[in-house]
Amino acid sequence: MGDAVVGIIGMGDMGKMYAKRISNAGWRVHACDVREKHTALKAEFADNSNVSILDNGHLVARSSDWIMYSVEAKNINAVVAAYGPSTKWGAIVGGQTSTKAPEIAAFEQHLPEDVQIVSCHSLHGPGVNPKGQPLVIIKHRATQQSVELVETILSCMESKFVPLSAEMHDRITADTQAVTHAAFLSMGAAWQANNQFPWELPRYIGGIENVKINLMMRIYSNKWHVYAGLAILNPAARAQIRQYATSVTELFKLMQGHHRKEFTQRVHAARAAVFGEPRKDDEELLLQDELLDKFSLGEKPASRVKNNHLSLLAIVDCWWHLKINPYDHMICSTPLFRLWLGITEYVYRNPDLLDECIDTAIEDDTFRGDDVEFTIAARDWSERVSLGNMEGYRQRFEMIQKYFEPRFGEANKVGNEMIRTIEEGLRSKKKV
């Protein structure tokens, strides 16, 4: 490998993943943890001669050629303000935050003018194999030679490089992640409010429900700041989360009032805008029955229980009102978004299944208690985001997280296998 030294400031889950992969590829890595957990990190990397755990970010900034800040978006300005002025002359600096607006602002304010800026963002969590996943590269203030050095270093991820501006990155992540996260956060909040573990209820097991439950558990098993930063600090995300809450609320009111005609017209209008005309051919669907049924945290019932799938109907209604085409950004979508889109189109491109959802929504009160709590939760998350309430977001998230925590180990094992299997299936379809 080359002589460049890679610096990593912030050794959370993603920072450690980067350190391990980059050092295993032969690059020298200098790293520090802003929480000052250096003793534990030194023990964790004791057998890796390519990684040096330094005592503070000043030492990392002074001694590295490409310095990556892997810290929470809400803390990026303070951390860059502390260590940025110490940056080595002519070095390249970037960040791994999920929202680039505050990151770039911090770099422009606190870095010396001779420092070049090349940022990145792996569009997946630390538990997902980065091979084949999108990895955004942002050339903000840099020569092409510097961009190529960063890409050479990150080639060890075996990811797909996606060149974007910081502004376009934030717009796309809002389109593909903000509402997706809001939906799953609201599911978890509704189940917790009803004191339900959904895998213990026959109506939430099998098919589409497997994906819902596994992805909900996946989100709540992660760190709260990942989702709060994207929702609250991303300029494009707040309006989208607000529209999702509005779509949930308005659809629920039509269901509760048994307004079949208005409800049906609204669902069909959203389908036409997002997916086009109904079709029986499922050859192009992202997901198929055999994959949907494979991964379950509970015992599958003898017969499928009907569901109105309010969370899915609301996402398409939201896309329709915001004029978002979910297929436009597949090149830089996350595994969670691809699965969410997969189960959504699975419903909307099957006319019989969509009609069943409409019938269930209007005629069947089985899920009405869950729908009430889901609607309340969607509005609550939206209000916390609109107010920019980081602490309120954290408290709500961690309360629900604690409720589901006893099953995280099992859920993450099943969820990782589900994502791996489905991603392999999608890659195979592309080759046919």
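A residue counts as exposed when its relative accessible area is over 50% and as buried when that area is under 20%, with partly exposed in between. Keep those cut-offs in mind as you go through the views, which all come from a predicted model.

Figure 1. Asn195 sits in the loop that links H7 to helix H8 (208-220). Its backbone deserves a look too: phi is near 55°, a positive value in a residue that is not glycine.

**Figure 2. The whole chain, for orientation.** Before going inside, here is the overall picture. The protein chain is built from 18 helices and eight strands. Of its 432 residues, 58% are buried. The chain exposes about 17,700 Å², and carbon and sulfur atoms supply 49% of that area. Among contacts between residues at least 6 apart in sequence, 79% join residues at least 24 apart.

**Figure 3. Phe397 and the residues around it.** Leaving out residues up to four places away in sequence, which partners does Phe397 touch? They are Leu185, Ile219, Tyr220, Asn222, Lys223, Trp224, Tyr227 and Trp381.

**Figure 4. Helix H17, with its buried residues on one face.** H17 covers residues 390-404, and its 15 residues reach 21 Å from the first C-alpha to the last, close to the 21 Å expected at 1.5 Å a residue. The buried residues of H17 are Met390, Gly392, Tyr393, Arg396, Phe397, Ile400, Gln401, Tyr403 and Phe404. Why do these buried residues line one face of the helix? Viewed down the axis of H17, they fall within an arc of 165°, so one face of the helix carries them.

Figure 5. Asn222 belongs to the loop between H8 and helix H9 (224-233). Its relative accessible area is 28%, which makes Asn222 partly exposed. Not counting residues up to four places away in sequence, Asn222 touches Tyr227, Phe397 and Gln401; Phe397 and Gln401 are both buried residues of H17. The Asn222 side chain also reaches the backbone oxygen of Arg218, at 3.1 Å. Gly125 lies 97 residues away from Asn222 along the chain, yet their C-alpha atoms are separated by 8.7 Å.

**Figure 6. Ser98, a buried residue in a loop.** Look for Ser98 in the loop between strand E5 (92-95) and helix H5 (100-110). Is Ser98 buried or exposed? Its relative accessible area is 13%, so Ser98 is buried. Setting aside residues up to four places away in sequence, Ser98 touches His121, His169, Asp170, Thr173, Val226 and Leu230.

**Figure 7. Leu254 in helix H10.** H10 spans residues 237-256 and includes Leu254. The end C-alpha atoms of H10 are 29 Å apart, which agrees with the 28 Å that its 20 residues should span at 1.5 Å a residue. Leu254 is buried, with a relative accessible area of 16%. Apart from neighbours within four places in sequence, Leu254 is in contact with His259, Glu262, Phe263, Arg266 and Ile362. Ala361 is 107 residues from Leu254 along the chain, and 9.0 Å separates their C-alpha atoms. Just after H10, His258 takes a positive phi of about 55°.

**Figure 8. His309, a buried loop residue with a positive phi.** To finish, find His309 in the loop between helix H12 (289-292) and helix H13 (310-322). Although His309 is not a glycine, its phi is positive, at about 50°. His309 has a relative accessible area of 6%, so this residue is buried.

Note on methods: Residues numbered from 1 in each chain as written. Predicted model: local features only at pLDDT ≥ 70, side-chain atom pairs only at ≥ 80, totals over all residues. Heavy atoms only, no water. Contact = heavy atoms within 4.5 Å. Helix = DSSP H or I, 4+ residues; strand = E, 2+ residues; numbered from the N terminus. Buried < 20%, exposed > 50% of the residue type's maximum accessible area, 1.4 Å probe, protein only. Areas by Shrake-Rupley, 256 points an atom, 1.4 Å probe, with all protein chains shown as cover. Expected span 1.5 Å × (residues − 1). Arc of directions from axis to C-beta. Polar contact = N/O pair within 3.5 Å; in protein donor to acceptor, adjacent residues only side chain to side chain.
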